[in-house]
Structure formats: structure tokens, C-alpha cells
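This report walks through one protein chain, region by region. Please keep the sequence and the 3D view open while reading.

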Amino acid sequence: MAALIVTLNGSIHFMHLVFTVPVCLFVFFISSMFKWINTKRRRGLLFGAMGIALLIASIKPIQHYYKMSIPTVDAEIDVTAYQPFAQGNKVEKTDAKASLQLSESLPRLDGATALYPLYAAFVEATYPKSDYAPYNSRVQVNRTPEAYQNLITGNVDLIFVAAPSTSQEWQAEKEGLTLNMTPIGREAFVFFVHHKNSVDNLTLEQVKKIYAGEITNWREVGGEDETIRAFQRPADSGSQTALEKLMGNTLMKAPSEDIVSGMGGIIREVSQYRNYKNAIGFTFRYYSTEMVKNEKIKLLAIDGVVPTKENIQNGTYPLVSEFYAITAGTENHNAQKLIDWILSEEGQVMVEKVGYVPLENH
């Protein structure tokens, strides 16, 4: 019964103790009943063996609570700080009234948290002033998988996200939909480590070998003699999809404890990689540098190139991808009007003003 309760509560690290304690008590009871421990020597041997068994069974709980005592990389953000038209928000404003002003049939929007500051700025520029709460309004914000799901089920007209995973493309196709993807800006896919890690640069080949499981110790890439703990994200999240596209079919399967729900740019537990000094994680540049701004992590240079806006723009940083405004058969004609405005000079200036990198032809 105790084992069942422990399993249902997810406290699997206590399982060895759950079995060891009653076994020890049973052995002690039987030994007492048959008077096998009626001498000091036998009692010492029995209690010594029981102590060793309990100590071994306690290793996993001790490891678990030690792990939980390590502070996480703080990546929580208050999405309400970017709510359009909210008083004192952090949304970038246009210098002049936008040429597009929507007043009715407002497109229902959704997207990844990392892009919320951007499409919130689009909304303030082109939508009428109103209460657009981050949840359950015409302008909401969700994790990437939920945004795609909302688009595919027709709950929203337009989403702002990274490229879809194979699974998300298949889900749309299964519903008879085509994902109409319009690039609206560019972003760097970045890798980060603990700020005390002596490694500042990795080659692209080294990154691939780390996530293929071929490089397993930091000393192999010029760091300390420590095992590399390479974190991953759940399937279909924006950054995990970017990693999978980078790795192809060579990506190693991560242990379940090394798969975290957060990334740079997704609600609540975004980027909450536990801050191990031997860890490596991945995110997108804007979220880590403009929204989270955590000093306990540092972004790695790749092939000697730091992921700055300038290096994204000039093409020297090797891991750059576009992000998209995506529709899937919406009948709202204003969705395309909004996309066209985003691609205009005004819209691309806003992309740059928010902190992202506009398209090359801007």
C-alpha cells in the first residue's frame, strides 16, 4: 500500500526506503521471536547490516533533496507586463500613428511568450484600445504547442511562433489544413551554460557531438573535468524543434530528469533549467537577453561568433532562423492585412525596435 501511494505521488526516489524499512523490521521481529539476537555480537551484526541497508536505501532521497536545493535559473516573467494598452506596460510604441488601423473583425491572436512583446506592439499600433488580457481574449499568449493547437482547431486566426515540428505539420494536414507561414523576422538559436563555466565558445560540430552523446565531459572542449549535463525540452516546443532540425536523426534521447518544461520564451516554467554548473541548455536570444536577463547564465559563442543582433544581421552567427506569422485557413480578411503591415517598412521598424532582427530586405 505504501509503495502504491509513493508511486501515485511521483515520489519514486523513496521506493527503496519503502521496501527496506519493513524488511528490516520483519527481520528484526523474526530474529527476536526465535531469539537469534540474544547475544551482543549478533545484535551488533544485525543492527549494523540494517543500518547499512537503510543508508543505501537513503541515497536516492538524499540525492533528490540535494538536487532540489540547487537554485534554478530564474526565467519566470510576468506576461501581463506586455499586455497591450495596460497602464505602465513594457510594450514598444510607434513613433507615429500606424497606416493600418483595424476597428472590426479583429484577428484572434496567439503565440509563444518569447514573441508576445512583439505582437503586443503590433496590437497597440493597429488595434483599437481595449482590454486584451493575456488569456481568454482576442490577443492571448500560450506555449508554442498550445498556440499551434489553437490555430489548428480554429480557436485563433493567426499565431506568432517558430517553425512547426513534423508532428504539428502532420496534425494540420490531418485536419485538411495548410500552415501558411510568413517570415516576419529573424532570431538566433543560442546555447547557454552556468556563468562560472570556463567554456565561452563551442564549435557547431562540438555542439552537435554534445547533443549526440559523443562528447560527454567538459574537458573535451577545453573546460573542467566534469560530466556534461545536456538539457532538452519536451517535443513540439519551439526550441526543441529547432534543436531537432539542427541535429537531424543524431539527437540523443535525454534522461527524463533532463527534459524540462521551460525554455526561453514559454510561459511560467520557461527556461527553468536547474542551474547545475556542468549544464548546457538552449533557448532563443531575445528571450534570454531582453526578457529574462539572468546573470547566472552566459550565452556561448558558436564558431567564435557571439549571438548579437549585429551578427545575426550580417549572417556571421551560424544558428539563425526566421520566426513566423502563421494562418491555417482563417476567413478573417484582416489577418492578411495585419501580416502585410508587419512586412511593410513600418512593421519591420517595429520588429527592430522591439529588439528582434528584421528581415534582410528591410
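## The surroundings of Y317

Leaving aside neighbours within four places in sequence, Y317 is in contact with A188, F189, V190, I302, V305, V306, P307 and N311. The residue Y317 lies in the loop between α11 (309-313) and β9. Is Y317 buried or exposed? Y317 is buried, because its relative accessible area is 2%, and buried means under 20%.

One of the contacts of Y317 is P307. Y317 and P307 are 10 residues apart along the chain, and their C-alpha atoms are separated by 6.0 Å.

## The chain as a whole

The model is predicted. The chain has 362 residues, and 49% of them are buried. It contains 13 helices and 9 strands.

Contacts can also be sorted by separation along the sequence. Among contacts between residues at least 6 apart in sequence, 72% join residues at least 24 apart.

Strand β2 covers residues 158-161. The side chains of L158 and F160 point one way from the strand, while I159 and V161 point the other way. Are these residues of β2 buried or exposed? All of L158, I159, F160 and V161 are buried.

Strand β2 pairs with two strands named here, β1 and β9. With β1 (residues 109-111), the pairing is parallel and has 3 bridges. In this pairing G111 stands opposite F160 of β2. With β9 (residues 320-327), the pairing is antiparallel, again over 3 bridges. Here V161 has Y324 of β9 as its bridge partner, and I159 has I326 of β9.

## Strands β3 and β9

Strand β9 also pairs with β3. How many bridges join β3 to β9? There are 8 bridges, and the two strands run antiparallel. P183 stands opposite Y324 in β9.

## Helices α6 and α7

The crossing of the two helices is right-handed.

Which residues make up this contact? On the α6 side they are T144, P145, Y148, Q149 and I152, and on the α7 side Q168, Q171 and A172. The residues of this contact divide into 4 nonpolar, 4 polar and no charged.

S165 lies in the loop between β2 and α7. Why does S165 count as buried? Its relative accessible area is 3%, and the cut-off for buried is under 20%. Not counting residues up to four places away in sequence, S165 touches D236 and T241.

T241 belongs to helix α9 and is buried there, as are G238, S239, Q240, L243, L246 and M247. Helix α9 (residues 238-247) is mostly covered, with 7 of its 10 residues buried. After α9 comes G248, whose phi is positive, near 65 degrees.

## Helices α5 and α12

Helix α5 covers residues 116-126, and helix α12 covers residues 333-343. The axes of these helices come within 12 Å and cross at roughly 105 degrees. Helices α5 and α12 are therefore roughly perpendicular to each other, because angles of 65 to 115 degrees count as roughly perpendicular.

From α5, the contact is made by F122, A125 and T126, and from α12 by L338, W341 and I342. The residues of this contact divide into 5 nonpolar, 1 polar and no charged.

Technical notes:
Residues are numbered from 1 along each chain as its sequence is written. This is a predicted model: local features need pLDDT of at least 70, side-chain atom pairs count only at pLDDT 80 or more; totals for chains, interfaces and linings use all residues. Side-chain values use heavy atoms; hydrogens and water are left out. Buried means under 20% relative accessible area, exposed over 50%, partly exposed in between (1.4 Å probe, protein chains only). Helices (H or I, at least four residues) and strands (E, at least two) are DSSP runs, numbered from the N terminus. Two strands pair if DSSP finds at least two bridges between them. A crossing is left-handed if the near helix is turned anticlockwise from the far one by less than a right angle, and right-handed if clockwise. Contact means heavy atoms within 4.5 Å. Ala, Val, Leu, Ile, Met, Phe, Trp, Tyr, Cys and Pro count as nonpolar, Asp, Glu, Lys and Arg as charged, and the others, Gly among them, as polar. Axes are lines fitted to C-alpha atoms, for helices over the stretch in contact, and angles run from 0 to 180 degrees between N-to-C directions. Angles under 35 degrees count as roughly parallel, over 145 as roughly antiparallel, 65 to 115 as roughly perpendicular and the rest as oblique.
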